[in-house]
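Look at the structure shown here and follow the report beside it.

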Amino acid sequence: MAFTASPGEILLLIRSGRVRTRRDLQELTGLSRSTVALRLSQLIAAGYIRAVEQRRGTAGRPAEVLSFEEADKLVLAADVGATHARFALTDAGGRMLAERTEDLLVGQAPDVVLKTVVRRFRDLLKDAGRDRAQLAGIGVGLPAPVDFRTGRPVEPPIMPGWHGVAVAKTLSDALGCPAFVDNDANLLGLGEARERYPDVDNLLFVKVGTGIGAGVILGGRPERGATGQGGDIGHIRIARPVDGARCRCGATGCLAAHASGAALARQLTERGIHARTSRDVVRLVEEGNEDAITLVRDAGRLLGEVLATAVALLNPTVVVIGGDLALTREHLLVGVRERLYERTVPVLTSSLAVVECGLGDRAGVHGARHMVIDQVFSAEAVDARLVPEPVRDA
């Protein structure tokens, strides 16, 4: 990183924890004391950081510790799935201030869903007694490919009528702050990576719910692909389709048509066992239903087949399995591990961890928060908001 005495670059170093004091900053950047003082005064005056004296046990000048000012910067986050959603209000550091969950069918008209999202966000602010003037931004995950630059869904299979809808702009206009939208699996992966595996650069998150999708985290950041459809593994064709079931994309043989929660619910219904959603499948597994257990383990094997290729291409350190079907725990994971290890060379799997999502239903809102913070407090965004001053560095 080439340092140019930019306040935004200095804030990034403080946020990352790489520097904690003025001396750390001087040593790492090579900037003079006067330039460091100037840039820090800009950041402190703008409310980005604070400098707190830490008393020492011995004589001498107290050390001054620099930290990102988190408590007064709020984020509204939503993880919207196919059939239900979680909403949260957090501060920039991740402290949960208010949250709600509810059933919500994302296949409804966009204006119906977005009005619900806006209402819930306003409810959260009211619940926490906070003002929207404190909002740093809004982050939303949708079960759809998303053009991240524009905040618009791209031909989503389970969301008819949503293609090209200006989701980010609609939310930004309604609440008066920046809004960002991404695929839900990307945010689930980002949440797990930042909160549970901060030292892992490459992580693959697989969401197995109504559909199947993956969030690819490379170098600590989501890899979205050229058109926002990176990680859309639910539409990879499996080698030996179980039946002629047609996927929602219109094709046959897709992984999602045979191994998703919706597919398993359909297969159970065909056997005379009542199941409408992926959560019904989970309930049946928890009740010990043998048909449900068998189908979940078979689904795990199909998923493991597809993941073997993904692991060979990406060589991740961790594969995290999340979504509703992950609640069946070892029933799904046994099948995934069995086929994944069988189809992948040992040099790739010897250091690979295949684990259940540790953040549970909150992974998506944590990921949404990190997305907002990454964008709103990036070096470029901060520098654009601050009036530049001439620098005369010694």
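## Aromatic rings, a pocket and a helix residue

Tyr-48, Phe-68 and Phe-377 make up one aromatic cluster. The model is a predicted one. In the whole structure, a search finds three aromatic pairs. A pair of aromatic rings is described by the distance of the centres and the angle of the planes.

| Pair | Distance of centres | Angle of planes | Class |
|---|---|---|---|
| Tyr-48 and Phe-377 | 6.0 Å | 85 degrees | edge-to-face |
| Phe-68 and Phe-377 | 5.1 Å | 70 degrees | edge-to-face |

The pair of Tyr-48 and Phe-377 counts as edge-to-face because its planes are at 85 degrees, and the cut-off for this class is over 60 degrees. Tyr-48 is in the loop between α3 (33-45) and β1 (49-54), while Phe-377 is in the loop between α13 and α14, so this pair ties together parts that lie 329 residues apart in sequence. The pair of Phe-68 and Phe-377 also links distant parts of the chain: Phe-68 belongs to strand β2 (residues 63-68), and the two residues are 309 apart.

The cut-off for buried is under 20%.

Phe-68 also has a charged residue over its ring: Arg-15 lies over the face of Phe-68, 5.8 Å from the ring centre.

Arg-15 leads on to a pocket. The second largest pocket has a volume of about 870 Å³. It is lined by 29 residues, and the closest to its centre are Leu-12, Arg-15, Ser-16, Arg-194 and Asp-374. Two or more lining residues come from each of α1 (7-16), α6, α13 (363-376) and α14 (379-385). Sorted by class, the lining has 13 nonpolar, seven polar and nine charged residues.

Helix α6 (residues 184-196) also holds Asn-186. Asn-186 is buried, because its relative accessible area is 1%. Which residues does Asn-186 contact, leaving aside neighbours within four places in sequence? They are Ala-214, Gly-215, Val-216, Ile-217, Pro-222 and Arg-224. Between the C-alpha atoms of Asn-186 and Met-371 the separation is 9.8 Å, although these residues are 185 apart along the chain.

Arg-224, one of the contacts of Asn-186, has its charged end over the ring of Phe-148, at 3.7 Å from the centre of that ring.

Technical notes. Residues numbered from 1 in each chain as written. Predicted model: local features only at pLDDT ≥ 70, side-chain atom pairs only at ≥ 80, totals over all residues. Heavy atoms only, no water. Helix = DSSP H or I, 4+ residues; strand = E, 2+ residues; numbered from the N terminus. Buried < 20%, exposed > 50% of the residue type's maximum accessible area, 1.4 Å probe, protein only. Contact = heavy atoms within 4.5 Å. 1 Å grid on protein atoms, 1.4 Å probe; cavity = no way out; pocket = protein on both sides within 12 Å on 5 of 7 lines; lining within 4 Å. Points joined across faces, edges and corners; volume = space filled by probe spheres on them. Nonpolar A, V, L, I, M, F, W, Y, C, P; charged D, E, K, R; others polar. Phe/Tyr/Trp six-rings, centres within 6.5 Å; stacked < 30°, edge-to-face > 60°. Lys NZ or Arg CZ within 6 Å of the ring centre and 35° of its normal.
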